[in-house]
Amino acid sequence: METRQGERRMKMTTSKLEASTVDVSQFQHTPFYCEENVYLLCKELSKKGIADEKSSDLFVVLISNEKKQIPLWHQKASHRADGVVLWDYHVICVQRKVGGGDSPSQHLVWDLDSTLSFPCALATYVSETIRPTFQTFPEFQRYFRIVHAPIFLRNFASDRRHMKDSLGEWLHQPPLYEPIVSEDGTVHNLNDYLDIRATDVVKEAGHDMTDPVFTQKLGVVVGENQLEEFFSKIT
């Protein structure tokens, strides 16, 4: 009986959480520039008081693999009923939420390109968008580079060169604001963040593996079955 009651409380908490949505139109969004969208999202969440003033409760999560082919469901850019898109990479924000008393921690996912609630409970996002139990080909395995937002905001830079073809023409129109430059003057390092390989994945998502996310410029890399466990270990 206690187990069923616990499950019922969890479902009620998740439903209440997902009912507290935010108007996504409040945030800057340029299609196909998810890394810049999330960069600005982190700043705006802090500015609006939704996140910590210094973004210390936010984490930038870059999703990709060696083949640059990752299936994600419930995406606005999809033309399919199930909302699946085969991205080369995708970037989202995860907000750490610490529960109090009997309330479980309900981490949130902020994905400006998702048709799910905004924000969405991490557990829901994993099951509905990532779908780790869905059988796919090995080349579609997703890996997640997790970077603490304050570190990302200091170090990330993009001059958008990856969005130009061999003739220098735009593949997708860029945002109207100036390109993002890091605090040390670097103009482009997006490729460093997106160089995500199976060999980079941490062996176990314990505290010893989560500590580097708060110190390393490129954070840590976890597999699709480690994502929820990883955030449950972060304190």
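Predicted model: local features only at pLDDT ≥ 70, side-chain atom pairs only at ≥ 80, totals over all residues.
## A walk through the fold

Colour by secondary structure and you'll have seven helices and eight strands to explore. The protein chain exposes about 12400 Å², and carbon and sulfur atoms supply 49% of that.

**Stop one: the sheet.** Select the strands S6, S5, S4, S1, S7 and S8. In that order they make an open sheet of six strands, with antiparallel pairing. Look at the edges next: strand S6 (120-121) and strand S8 (220-223) each pair on one side only.

**Stop two: a pair inside the sheet.** Pick residues 90-95 for strand S4 and residues 108-110 for strand S5. The two run antiparallel, and three bridges join them. Zoom in on Gln95, and you'll find Leu108 of S5 standing opposite.

**Stop four: helix H3.** Select residues 122-130 and show the side chains. Which residues of H3 are buried? They are Leu122, Thr124, Tyr125, Val126, Thr129 and Ile130. As you look, remember that an α-helix has 3.6 residues a turn, so residues three or four places apart point the same way. Then step on to Arg131, which follows H3 and has a positive phi, near 50°.

**Last stop: zoom back out.** Take contacts between residues at least 6 apart in sequence: 67% of these join residues at least 24 apart.

How values were computed
Residues numbered from 1 in each chain as written. Heavy atoms only, no water. Pairing = 2+ DSSP bridges. Helix = DSSP H or I, 4+ residues; strand = E, 2+ residues; numbered from the N terminus. Buried < 20%, exposed > 50% of the residue type's maximum accessible area, 1.4 Å probe, protein only. Contact = heavy atoms within 4.5 Å. Areas by Shrake-Rupley, 256 points an atom, 1.4 Å probe, with all protein chains shown as cover.
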